[in-house]
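User: I am new to this structure and want to learn how to read it. Please take me through some features one at a time.

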Amino acid sequence: MQHLIKHGLILAGICLLGWMPAMAQNRGDSTSVIHILHADTLNNITRDSVQLARFIGNAAFRQGNTTIYCDSAFKNSLTNQLDAYGHVHINQADSVQVYGDYLHYEGNTKMASLKGNARLTDGKVTITGPELQYDMNARIGTYTRGGKLVNGQSVLTSREGFYYADTKDVYFKYDVLLVDPQYTLTTDTLLYNTDTKIATMVAPTTINDGKTVMYTTSGYYNTETGYGNFGNRPTIEDSTATITADNIETDKATSFSYATGNMVYRDTAQKMSLLANYGKVNQAARTVLATQHPLLILERDKDTLYMAADTMFSGVYREDTLTAPPIRTGMESLRADSVATDSLQTIIPPADSLQTSSLPADSLRADSLPHPTLPPGTLRPDTTALTDTLPARKAPPRDSIMAPRPLQPDSGLVLQDSIPQDSIQTTPKDTTERRYILAYHHVRIFSDSLQGVADSVYYSSRDSIFRFYREPVLWANDTQLTGDTIFLHTKNQQADKLVLQPNALIVNEAEKGKPFYNQIKGNIITGYFAGSALDWMHVDGNAESVYYVRDDEGGYISVNKSLSAAIDIHFQGGELNKVVFIKDPEGTMYPFTQRPKDQMQLENFSWQIERRPKSKYELMGTVNNE
């Protein structure tokens with residue numbers, strides 16, 4: 001009995017010595033007092049002249065709404081500090097749990113410093129690190145010697161991290177890495193909200209989802225939905241293309257990216273760049289729609305081609321077919337015999353690529369897109385057809401352009417592939433990506449060897465042919481070329497062959513600045529290039545010519561006006577050199593001074609030199625001061 005009384009007196013003395021000074025010091029703020037809830041053993045020790053209370057075995061303490069558990073602890077009642085060891089656990093209002101092997105706790109400031117397997121969690125987010133500080137007043141968790149945050153399937157690591165428990169914001173610094181099953185993100189500084197799962201970029205950042213890589217220095221990215229909005233010239237790249245603009249919005253769910261301000265879309269495989277103030281890119285379908293002053297650059301080894309228009313669209317052919325998709329159209333003007341099958345077959349891109357939703361209201365005119373009757377379910381605006389300007393005409397000769405293939409009798413205007421079925425089965429599939437380009441309204445092209453204008457242009461890398469529609473005009477050196485439709489064949493990235501049909505007309509300025517024009521017209525004109533210059537041309541069908549003849553000193557002698565079934569025209573150094581009448585020529589030679597001036601222009605003659613682009617800078621919208 002005396003032993004129990006003695007033990008009780010010792011325990012009471014320890015409690016009085018341990019708690020009375022703290023109560024006196026914090027009499028006005030009882031929430032700062034650290035209360036002892038439990039310990040297996042309690043005693044007093046003196047360490048460096050400082051009296052400490054020592055708690056051993058299942059120690060538990062409480063301060064306000066916070067409970068601290070540990071294996072053992074030392075408490076300095078004068079400074080209101082606690083040092084806890086072994087299985088440390090802090091429970092703050094059942095909302096934030098903090099763990100560690102060692103805890104130093106400042107009771108007056110409510111600042112907890114943990115070491116050894118330090119961990120903080122709010123039930124959804126877990127932060128771990130070798131060292132962790134937790135401010136219970138501000139509810140901010142901090143690590144400065146490396147740490148990791150786990151939020152669902154997302155894992156973020158960095159050298160420094162600051163977690164705001166109330167707002168669920170995390171501020172990461174230095175060597176930041178976010179790893180998710182769908183992507184990885186690397187940066188030096190990152191803001192991240194664990195509720196919204198939105199990452200805010202304030203430093204150079206790379207986001208890699210395995211298919212595309214995004215580079216940005218500012219903006220935000222919803223790591224859950226895959227939607228991002230980036231500024232300060234971000235870049236998105238994949239295996240063959242890159243997008244750069246002042247601002248890019250990207251949506252992984254739809255595969256669309258929207259580029260605003262000085263967009264540059266570059267297809268590295270095709271050596272193609274598309275510049276515009278606005279672009280819409282489908283990265284899954286590999287299509288791009290560019291508006292607001294688009295400019296296309298097709299890089300060539302010696303003669304790069306520049307093309308400008310109101311609107312441009314580019315896509316790739318599906319690899320599951322050997323030919324372009326079948327085309328149905330209700331337009332009477334696009335007849336089977338009106339143009340070669342290879343051009344008809346590819347003039348309309350795959351139906352699933354012309355998606356034009358979500359465009360700015362001012363970025364696309366109502367009459368700017370082709371208007372074929374596409375397969376059911378295809379989204380397209382109700383607009384004027386690109387091809388409604390092609391008049392009905394007879395098929396051109398096979399040697400000038402491919403003849404039409406037969407049509408399937410029960411399918412409207414669906415083209416039938418003429419390749420035998422057994423060859424399709426045995427021929428290895430060409431997996432090379434083929435891209436097509438549509439440019440419509442006010443198209444202008446410029447290269448050192450060739451310039452031109454048209455309302456609409458279609459190009460396919462499958463056959464390397466440019467198709468010019470609606471009042472097209474091309475210029476090669478001093479020669480002007482016109483026709484209802486113009487086909488420019490290229491080979492090895494250079495002009496190879498030119499086909500004008502019908503109402504083809506060649507005009508050459510006989511003397512610069514004077515109204516003397518050599519002219520040749522016919523049903524179809526086919527021209528051939530040597531290098532980058534016109535070498536010779538063949539006129540087939542109702543060939544007519546007006547040709548000025550000069551003497552050796554350059555003076556005019558006569559004017560020859562003739563009619564023939566066919567004509568060959570030869571060029572030298574890009575200049576008209578010789579005209580050869582092939583069959584049944586009929587003509588009249590007029591002395592130059594007696595020429596009937598009213599007969600010196602063929603039907604449909606038009607000299608349109610004012611429409612000719614003068615430089616690539618003109619297409620870029622800048623003034624060439626050279």
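User: Where is valine 264 placed?
Analyst: This is a predicted model. Valine 264 sits in strand β23, which covers residues 256-267.

User: Which residues is valine 264 in contact with, beyond its neighbours in sequence?
Analyst: Leave aside everything within four places in sequence. Valine 264 is then in contact with Arg233, Thr242, Ile243, Thr244, Leu274 and Leu275. Take one of these, Leu274. Valine 264 and leucine 274 are ten residues apart in sequence, and their C-alpha atoms are 5.7 Å apart in space.

User: Is valine 264 buried, exposed or partly exposed?
Analyst: Look at the relative accessible area. Buried means under 20%, and exposed means over 50%. Valine 264 has 28% relative accessibility, so it counts as partly exposed.

User: How does lysine 521 compare with those cut-offs, and where is it found?
Analyst: Lysine 521 belongs to strand β37, residues 517-522. Its relative accessibility is 11%, so lysine 521 counts as buried. Its contacts exclude residues up to four places away in sequence. They include Ala504, Leu505, Val539 and Asn542. Glu544 and Glu603 are also among the residues that lysine 521 touches.

User: What about glutamate 575?
Analyst: Glutamate 575 is in strand β41, which runs over residues 575-583. With 37% relative accessibility, glutamate 575 counts as partly exposed. Now compare sequence with space. Glutamate 575 and leucine 534 are 41 residues apart in sequence, while the C-alpha to C-alpha distance is 8.5 Å.

User: How much of the whole protein is buried, and how many helices and strands does it have?
Analyst: Of the 626 residues, 50% are buried. The secondary structure comes to four helices and 42 strands.

User: What should I look for in the backbone angle phi?
Analyst: Most residues other than glycine have a negative phi. Lysine 168 has a positive phi, near 65 degrees. Histidine 293 also has a positive value, near 60 degrees.

User: Where do lysine 168 and histidine 293 lie?
Analyst: Lysine 168 lies in the loop between β12 (160-164) and β13 (169-180). Histidine 293 lies in the loop between β25 (287-291) and β26 (295-298).

User: Are lysine 168 and histidine 293 buried or exposed?
Analyst: Lysine 168 has a relative accessible area of 19%, so it is buried. Histidine 293 has 67%, so it is exposed.

User: How do I read aromatic pairs, and how many are there?
Analyst: Check the distance between ring centres, then the angle between planes. The structure holds 22 aromatic pairs. One links tyrosine 220 and tyrosine 227: the ring centres are 6.3 Å apart and the planes are at 50 degrees, so the pair is tilted. Tyrosine 220 is partly exposed, with a relative accessible area of 33%. Tyrosine 227, at 24%, counts as partly exposed too.

User: Which residues do ring pairs link into a cluster?
Analyst: Ring pairs join Phe313, Tyr317, Tyr436 and Tyr458 into a cluster.

User: How many cavities are there, and what is the volume of the largest cavity?
Analyst: Seven cavities have 30 Å³ or more. The largest cavity has a volume of about 170 Å³. It is lined by 14 residues, and the closest to its centre are Asp303, Ser447, Gln493, Gln494 and Ala495. The elements giving two or more residues to this lining are β34 (485-491) and β35 (494-501). By type, the lining of the largest cavity has five nonpolar, seven polar and two charged residues.

User: What is the mean pLDDT, and where does pLDDT stay under 50?
Analyst: Read pLDDT as the predictor's confidence in each residue. The mean for the protein is 78, and 76% of residues reach 70 or more. Residues 1-29 are below 50, and this stretch has 26 contacts in the model beyond near neighbours in sequence. Residues 622-626 also stay under 50, with four contacts beyond four places in sequence.

Notes
Residues are numbered from 1 along each chain as its sequence is written. This is a predicted model: local features need pLDDT of at least 70, side-chain atom pairs count only at pLDDT 80 or more; totals for chains, interfaces and linings use all residues. Side-chain values use heavy atoms; hydrogens and water are left out. pLDDT is the predictor's confidence in each residue, from 0 to 100. Contact means heavy atoms within 4.5 Å. On a 1 Å grid over the protein atoms alone, a cavity is a set of points where a 1.4 Å probe fits but cannot get out, and a pocket is an open set with protein on both sides within 12 Å along at least five of seven lines; lining residues have an atom within 4 Å of a point. Grid points are joined across faces, edges and corners, and a volume is the space filled by probe spheres set on the points. Ala, Val, Leu, Ile, Met, Phe, Trp, Tyr, Cys and Pro count as nonpolar, Asp, Glu, Lys and Arg as charged, and the others, Gly among them, as polar. Buried means under 20% relative accessible area, exposed over 50%, partly exposed in between (1.4 Å probe, protein chains only). Rings of Phe, Tyr and Trp (its six-membered ring) pair if their centres lie within 6.5 Å; planes under 30 degrees apart count as stacked, over 60 as edge-to-face and the rest as tilted.
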